[in-house]
Amino acid sequence: MELYEQAKQFVIEASEYIKKEMAQGLTVESKSSLNDLVTNVDKGCETFLYEKIMSYYPDHRIVGEEGHGHDIQDTDGVLWIIDPIDGTLNFVHQQKNFAISVGIYIDGKPHSAFILDVMNHDLYHSSPGGAVYFNDQKLERIEPSPLETSLICLNARWLVKDASQTSALTLAKKAGTVRSYGSSALELAQITTGQVASYVTYQLKPWDFAAGLILVERLGGVVTTETGQPINLLQASGLVAAHPSMHKEIIEIINA
Ligand code: IPD
Ligand code: CA
Ligand code: CA
Ligand code: CA
């Protein structure tokens, strides 16, 4: 089976794994702080995907949030960047509104991307040919819209952080309306369907944006760091994703 089709199957199987495991109850641990959580299912899902990928493609490399590939220094060859559960706080508190995010890059160039909204059974995906789909529906390029009447997503913690308070609040006041859904993968994915006009945040890891970046850019969107610099696939960074015209306006506002 072709890599894209095989990866899609792995992601769907991983969502079945999550649903089966979450029915048994969760074991929750905190990582860097009381609100930075990980569960047995986050770890188990990453291991599930890691073992599948390695058994089919032993020469591929994997970077995953819960421990795999954190020492990888370059993007040579086939690289899978995986978040086994994006939106762990939603997973723990709500048992919904979380996603599996998988971006595949070959020698640093986008190959394919998958964001699966597990409980809604909605798959946002893109094949190596460049088309982007919401389930079976082929998506159109992102349309421009005025910031003043648009719905944008902002990271809620960024809004209350002292150092960035002014720029985040200025942006929030200028936007039509603001949401914070707590899953960067789903916030990026919803740009592709036009439900969200932009996603702006101050600190993400590669597994949070690797798949969403491919989906948004393939529909004509722009994704950069919060200062407008190109994204480095192996580095943590802030992120602004939007149609080019709105992207430019947001970069100007938050860097004024
Ligand atoms: C988190 C979510 C959240 C974002 C955090 C991420 P996780 O990922 O994407 O929306 O604001 O920065 O760490 O830990 O739930 O996979
Ligand atoms: Ca994440
Ligand atoms: Ca995660
Ligand atoms: Ca996490």
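Strand 4 (78-86) is mostly covered: eight of its nine residues are buried. A residue counts as buried if 20 or more other C-beta atoms lie within 10 Å of its own, as exposed if 12 or fewer do, and as partly exposed in between, with C-beta atoms placed from the backbone. Strands are DSSP runs of E with at least two residues, helices are runs of H or I with at least four, and both are numbered from the N terminus. The structure is a predicted model, in which local features need pLDDT of at least 70, side-chain atom pairs count only at pLDDT 80 or more, and totals for chains, interfaces and linings use all residues. Residues are numbered from 1 along each chain as its sequence is written, while chains are lettered from A and ligands numbered from 1 in the order in which they are written.

Two strands pair if DSSP finds at least two bridges between them. Strand 3 and strand 4 run parallel and are joined by four bridges. Across this pair, Ile62 stands opposite Trp80, and Val63 stands opposite Ile81.

On strand 5, the pairing with strand 4 is antiparallel and spans seven bridges. Here Asp83 has Ser101 of strand 5 as its bridge partner. Ser101 also has a bridge partner in strand 6, Ile115. Strand 5 and strand 6 run antiparallel, with eight bridges between them. They form a hairpin with two residues between the strands, where Asp107 takes a positive phi near 50°. Strand 5 is mostly covered, with seven of its eight residues buried.

The domain assignment of the protein chain gives domain 1 (3-138) and domain 2 (147-254). Such bounds come from an automatic or database domain assignment. The centres of the two domains, taken over C-alpha atoms, are separated by 21 Å. In all, 30 residues of domain 1 are in contact with 23 residues of domain 2. Contact requires C-beta atoms, placed from the backbone, within 7 Å of each other. Several elements each supply at least two residues of the side of domain 1 that touches domain 2, among them strand 4, helix 3 (88-94) and strand 5 (99-106). By class, this side has 16 nonpolar, 10 polar and four charged residues. The nonpolar class holds Ala, Val, Leu, Ile, Met, Phe, Trp, Tyr, Cys and Pro; Asp, Glu, Lys and Arg are charged; the others, Gly among them, are polar.

In soluble globular proteins, nonpolar side chains tend to be buried together. The largest nonpolar core in this model has 69 residues. A nonpolar core is a set of buried Ala, Val, Leu, Ile, Met, Phe, Trp, Tyr and Cys residues joined through C-beta atoms within 7 Å. Those with the most contacts inside the core are Val102, Phe114, Ile115, Leu188, Ala211, Leu215 and Ala241. Helix 7 (residues 206-218) gives the largest share of this core, eight residues. Domain 1 and domain 2 each contribute at least three residues to the core. Not counting residues up to four places away in sequence, Val102 touches Ala7, Val11, Trp80, Ile82, Phe114 and Ala211.

Ligand 1 has 13 residues around it, of which Asp86, Thr88, Gly182, Ser184 and Asp208 come nearest. A residue is near a molecule or strand if its C-beta atom, placed from the backbone, lies within 6 Å of it. Both domains give residues to this shell, so ligand 1 lies between them. Strand 4 and strand 12 (198-204) each supply at least two residues of the shell. The largest share, three residues, comes from strand 12. By class, the shell has one nonpolar, eight polar and four charged residues.

Lys31 lies in the loop between strand 1 (28-30) and strand 2 (37-39). Lys31 counts as exposed because it has 12 C-beta neighbours inside 10 Å. Leaving aside neighbours within four places in sequence, Lys31 is in contact with Asp36 and Val38.

Methods. Two residues are in contact if their C-beta atoms, placed from the backbone, lie within 7 Å.
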